[in-house]
Amino acid sequence: MQPSNQTSGPRQMPYGGGPATDAPPPASRLDAVRLWAGGVMTAGVAGFTAVAAVLLVRGSLAIPVFAPEGAGTMGDASTGLLAAGASVAALAATALLHLLILGTPRAGRFFGWIIALVTVAMMLLPFRTTAPMDSKVGTAVVYLATGAAIGSLLSAVARGATRRAA
C-alpha cells in the first residue's frame, strides 16, 4: 500500500502562515477611563517637564529661551504658556492615541511615528527665526524633552489601557 500524501490534522498554509484553521488574534479591549486618566497625568508631567527644561536651559546654562535675558530664571508669562501648551499637546496626543487604538492595527507603532515627527518638526521651528544659535538650540532641547516625555508616557499608558480580549 502506498503512503498517502495527505496529513492528518489542519491543512498548512503556504509560506509558513500556520494552520489554515487558525483564528485571527483576539481584538484588544480599550479601557478608556484608564487611557484618559493616564493622559491627564501625562499632561501634568509634560507641563512640569517644559518648566524643568526651561529652568535647566535658562537657569543653569544661561541660554535665553522663551523670554528676554532680563526676565530671570523663571522668565515671564511665556514659561507658563509653554507649560500650558505642553499640557494641551499631551491631551491632544491622548485623543489621537484613543482614535488610533480604536481604528488602526498596530496603533502604538503609528503613534510613535507621529509623536516623533511632530517633535522633530517642533525642534526645527526655532531654526527658522533670527534668534542667536544658542537660543535656537536651547529651545529645541526644551521641545525635545517635552516630546520625549509625552511620547514615552502615553506609549506606556496605552499598553496599560489595552488588554487582549479572551
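This passage walks through the fold of the protein shown above, from the whole chain down to single residues.

The model is predicted, so local features are reported only at pLDDT of at least 70 and side-chain atom pairs only at pLDDT 80 or more, while totals for chains, interfaces and linings use all residues. Residues are numbered from 1 along each chain as its sequence is written, and side-chain values rest on heavy atoms, with hydrogens and water left out.

Let's start with the overall layout. The protein has four helices and two strands, where helices (H or I, at least four residues) and strands (E, at least two) are DSSP runs numbered from the N terminus. Going along the sequence, the pattern reads β-α-α-α-α-β. Of the 166 residues, 31% are buried; here buried means under 20% relative accessible area, exposed means over 50%, and partly exposed is in between (1.4 Å probe, protein chains only).

Within α3, A107, F111, I115 and T119 are buried. These four cover an arc of only 90° around the axis, so they sit on the same side of α3; the arc is that of the directions from the helix axis to the C-beta atoms. Over on the other side of α3, R109, W113, L117 and L124 are exposed.

Next comes the partner of α3. The axes of α3 and helix α4 (residues 133-161) come within 9 Å and cross at roughly 170°. That crossing makes the two helices, α3 and α4, roughly antiparallel, a label used for angles over 145 degrees. The axes are lines fitted to C-alpha atoms, for helices over the stretch in contact, and angles run from 0 to 180 degrees between N-to-C directions. On the α3 side, the contact is made by F111, I115, T119, M122 and M123. Among the α4 residues taking part are A140, Y143, L144 and G147.

H98 sits in helix α2 (residues 77-103) and is buried, with a relative accessible area of 18%. Apart from its neighbours within four places in sequence, H98 is in contact with L30, A32, L35 and W36. R159 belongs to helix α4 and, at 57% relative accessibility, counts as exposed.

Most residues other than glycine have a negative phi. A62, in the loop between α1 (32-60) and α2, has a positive phi of about 55° although it is not a glycine. R106, in the loop between α2 and α3, likewise has a positive phi, near 55°. A62 counts as exposed at 59% relative accessibility, and R106 counts as exposed at 64%.

Definitions and conventions: Angles under 35 degrees count as roughly parallel, over 145 as roughly antiparallel, 65 to 115 as roughly perpendicular and the rest as oblique. Contact means heavy atoms within 4.5 Å.
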